Amino acid sequence: DHLSLYSLIVEPGTPFAEAAARGILRIPDEDAAADLYEAAISTLAGAGWTHYEVANWARTWELSSRHNAIYWQYGDYLGLGAGAHGHISPRRTMNHLLPETYCAAIECGDPGVSRTEVIEQRTQRGETMMLGLRLLRDGVSADAFERRHGIALWDAFPGTIEELERIGMVDMTGAGIRLSPRGLMLANDVVARFL
């Protein structure tokens, strides 16, 4: 009922990286990867699937991931357990990675957090755009953006949104902006304008 499709990223030090370096494994170049992505979009649309997020499809809209929606909408969430990440604006946290270390911290009355980052307002606005533009139908809500950040979407990025619309990378909706079909294929380039 749900599919998540991501391009292969070969991490250094892995057997895949070694096989690629030795020529045993051929990694598609960016053009080939884009062709495969377009084929997936077309094939799944033809089969009736809903492409609701850059890398996610559902058989019906109701089967879209509710869990991940909180991340894409730059919401707040607790990180509970070893290695868990949390985000309570303006802080992002990461818990101790090893279960033994995390449990020992909790048993001593410590929250078990190994890292806390206070996110600057400019970075928060950019991350809202980076994550929200992944939502293909809704994109970024201008009202939600202003409520969260205390500044109008267009004032936060003067000229950027208008330029992206002019070159066909984003579409204006009644509520905000979203990636255009062309922008979807160049999403990383679009998002970079906000970071």
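The model is predicted, and local features need pLDDT of at least 70, side-chain atom pairs count only at pLDDT 80 or more, and totals for chains, interfaces and linings use all residues. Residues are numbered from 1 along each chain as its sequence is written, and side-chain values use heavy atoms, with hydrogens and water left out.

## Pockets

Rolling a probe the size of a water molecule over the atoms shows where empty space is left. A pocket is an open set of points on a 1 Å grid over the protein atoms alone, where a 1.4 Å probe fits and protein lies on both sides within 12 Å along at least five of seven lines; lining residues have an atom within 4 Å of a point. A volume is the space filled by probe spheres set on the points, which are joined across faces, edges and corners. In the lining classes, Ala, Val, Leu, Ile, Met, Phe, Trp, Tyr, Cys and Pro count as nonpolar, Asp, Glu, Lys and Arg as charged, and the others, Gly among them, as polar. Helices (H or I, at least four residues) and strands (E, at least two) are DSSP runs, numbered from the N terminus.

The largest pocket holds about 1200 Å³ of space. Its lining has 31 residues, and Ser 7, Ala 33, Ala 34, Tyr 37 and Asn 188 are the closest to the centre. Helix 2 (30-46), helix 5 (121-132), helix 9 (181-185) and helix 10 (187-192) each give at least two residues to this lining. Helix 2 gives the most, with seven residues. By class, the lining of the largest pocket contains 24 nonpolar, two polar and five charged residues.

The second largest pocket has a volume of about 210 Å³. Of its 13 lining residues, Gln 73, Thr 128, Gly 139, Ser 141 and Ala 144 lie nearest the centre. At least two residues each come from helix 5, strand 7 (140-141) and helix 6 (142-149). Helix 6 has the largest share of this lining, with three residues. The classes here are six nonpolar, five polar and two charged.

## A nonpolar surface patch

Patches are made of residues with over 30% relative accessible area and no salt bridge, where like charges are joined within 9 Å and nonpolar side chains (Val, Leu, Ile, Met, Phe, Trp, Tyr) within 5 Å. A salt bridge is a side-chain nitrogen of Lys or Arg within 4 Å of a carboxyl oxygen of Asp or Glu. Accessible areas come from the Shrake-Rupley method with a 1.4 Å probe, and for residues only the protein chains shown count as cover.

Leu 8, Phe 16 and Ile 27 make up a nonpolar patch on the surface, with about 280 Å² of accessible area together. Leu 8 sits in the loop between strand 1 (2-4) and helix 1 (15-21).

## Strand pairing

Two strands pair if DSSP finds at least two bridges between them.

| Pair | Bridges | A residue and its partner |
|---|---|---|
| Strand 4 (85-88) and strand 5 (91-95) | four bridges | Ile 88 and Arg 91 |
| Strand 2 (50-53) and strand 3 (56-58) | three bridges | Thr 50 and Ala 58 |

An open sheet of three strands has the order 7-9-8, with antiparallel pairing. Strand 7 and strand 8 are at the edges and have a single partner strand each, so one side of each is left without a neighbour in the sheet. Val 140 stands opposite Ile 177 in strand 9.

Three hairpins follow from these pairs in the chain. Strand 8 is joined to strand 9 by a hairpin through three residues. Strand 4 and strand 5 form a hairpin with two residues between them. Strand 2 and strand 3 also form a hairpin, with two residues between them.

## Backbone details

The peptide bond from Ser 89 to Pro 90 is cis, with omega near 10°. Pro 90 lies in the loop between strand 4 and strand 5. Tyr 74 has phi near 55°, a positive value in a residue other than glycine. Tyr 74 is placed in the loop between helix 3 (66-72) and strand 4.
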